[in-house]
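Reader: Could you show me how to read helix packing and aromatic pairs in a model like this one?

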Amino acid sequence: MTDFSSHNPDWWRQAVVYQVYPRSFADADGDGLGDLRGVTDRLPHLAALGVDALWLSPFYPSELADGGYDVADYRDVDPRLGTLADFDALAAEAHRLGLKVIVDLVPNHTSHQHVWFQEALAAGPGSPARDRYVFRDGRGPSGELPPTDWQSVFGGSAWQRVPDGQWYLHLFTREQPDLNWDHEEVREDFRTTLRFWSDRGVDGFRVDVAHALAKDLADPLRDLGDPELSGEQALVHLPPGTHPFYDRDEVHEIYRDWRRVLDSYTPPRTAVAEAWVPGARRALYARPDELNQAFNFEYLQASWNAEQIRAVIADSLATARAVGASATWVLSNHDVVRHASRLMLPPGTDQNAWLLSDGRAPHVDEPAGLRRARAATLLMLALPGSSYVYQGEELGLPEVADLPVEVLQDPLWEQTGRASKGRDGCRVPLPWTTTGPSYGFGAAGAWLPQPPYFARYAVQAQDGVEGSTLELYRTALRLRRKLLEGEELTWALETPPGVLSFARCDGWRCVTNLSDTPVPLPPGEVLLSSAPLAGDGRLAPDTTAWLA
Ligand code: NOJ
């Protein structure tokens, strides 16, 4: 059995980590925004669910230009979300309940409200304060053109001009200026931040845009030639390590430096890279002398197709193993369409267009989506490695695809010229109760409107209800803890088309039927299934079963 005790330095290798998006989780002070006390109050939910750790998305001072990923102070709590004392209380209670705590670190950019950026603006061109960021003169006769053709991930030029005529780089919104990681003061400050939270007892860090920190800033900066090459998707078309700002080889030196800080704690603090980088290159961030893990988004991007999923699993296991890391699995997070809806979209669906149609074109059958989501989850939880579960997926929440555009808060909406509704549909505050203001989220309502059908998905509607999605997660996580042994997976030799079947330790076997006809199950006792078996005991379509 895997040892999740607080002293096991390898606890993360097969952990189930629950992502809390604080402003949408629970609102204790009734101001409409989730907060840290709300998280602490609801920790018993996570303990009863049976996860090993929680990861808190940013709760630092921020004007929320990008949902908190625009950090004004890395070593404090946003007053609307609480205080450092509230954080300490949260961490203490989590640890008392046997839950590890992971916090989000956003090192690629600060908020424009950060004291460093304010200093940089005041200090003017050529000043040391500007050198902590990426300021350059523009091109054109009077510098009126951006220094390069680099594009922001959220649309438009990645450069913003300031009143004195210089431009600064922002790979995300203009409220998120990129830091200059060639600057020793920047490096030292992040070491201080790692120590600050490690000293407060956090067990690990999730590293935002981990692949963008190192940039080729040699002057003159070079154009990409084709603005399309600004996207992470471009990495597959370029020789590895040659993109001016993504996945450069020098970035690894930063994480080796961080590892020395993380390893100075007992047990060593862990970290997971958010790096949208293809397979083997992504695994480099997870090397033992770097961060330990890197999110594997290929699983999340796979269609509901047995061959594709099998290939992604095999590849992810092999690439993680090659560097001595454990694999990671993600189906949903705060940036993507929730998998209860996404898995029903035909392969190749333009998800922006689907959201712009308010989820009507194509129509997603809600019960069918939930059925697939449950099957995908049981499959994920049987895989070697760790699983990252996003708040609300244990309730089977679908994407709220029909949010009216007037309520949208994601900067993507405006920055893409209203071509993308953005990510608010997976950030709608959680329903805890079947009635009451904001379904138990908080006394003042929710900052994004919850649809009436959220009542059916509320924790209260599912707690103790046999067959509910919440009970499925609880049972699966309980069983998983008991069954877990080793990190091996052995594929069954012969399986019907559209079926994935593999064995883990001690005869634990997982079978998923992605075809549209029932299939026979291998011999053994069925421990759990994501949907009832067919009348004749066969595994129905879109169902996963665990056997022993
Ligand atoms: C990735 C985060 O998950 C996302 O929410 C954010 O917008 C970008 N990084 C920029 O920080």
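Author: Happy to; we will take helix packing and then the aromatic rings. This is a predicted model, where local features need pLDDT of at least 70, side-chain atom pairs count only at pLDDT 80 or more, and totals for chains, interfaces and linings use all residues. Residues are numbered from 1 along each chain as its sequence is written, and side-chain values use heavy atoms, with hydrogens and water left out.

Reader: At what angle do helix H5 and helix H6 pack?

Author: Two packed helices are described by the angle between their axes and the distance between the axes. Here H5 (residues 184-199) and H6 (residues 251-262) pack at about 35 degrees, with axes 10 Å apart. Axes are lines fitted to C-alpha atoms over the stretch in contact, and angles run from 0 to 180 degrees between N-to-C directions. Helices are DSSP runs of H or I, at least four residues, and strands are runs of E, at least two, numbered from the N terminus.

Reader: And how is the pair of Phe59 and Phe87 arranged?

Author: A pair of aromatic rings is described by the distance of the centres and the angle of the planes. Rings of Phe, Tyr and Trp (its six-membered ring) pair if their centres lie within 6.5 Å; planes under 30 degrees apart count as stacked, over 60 as edge-to-face and the rest as tilted. The count comes to 31 aromatic pairs. Phe59 and Phe87 are stacked, at 5.3 Å centre to centre and 20 degrees between the planes. Phe59 lies in the loop between strand E2 (53-56) and helix H3 (84-96) and Phe87 in H3, so the pair ties together parts 28 residues apart in sequence.
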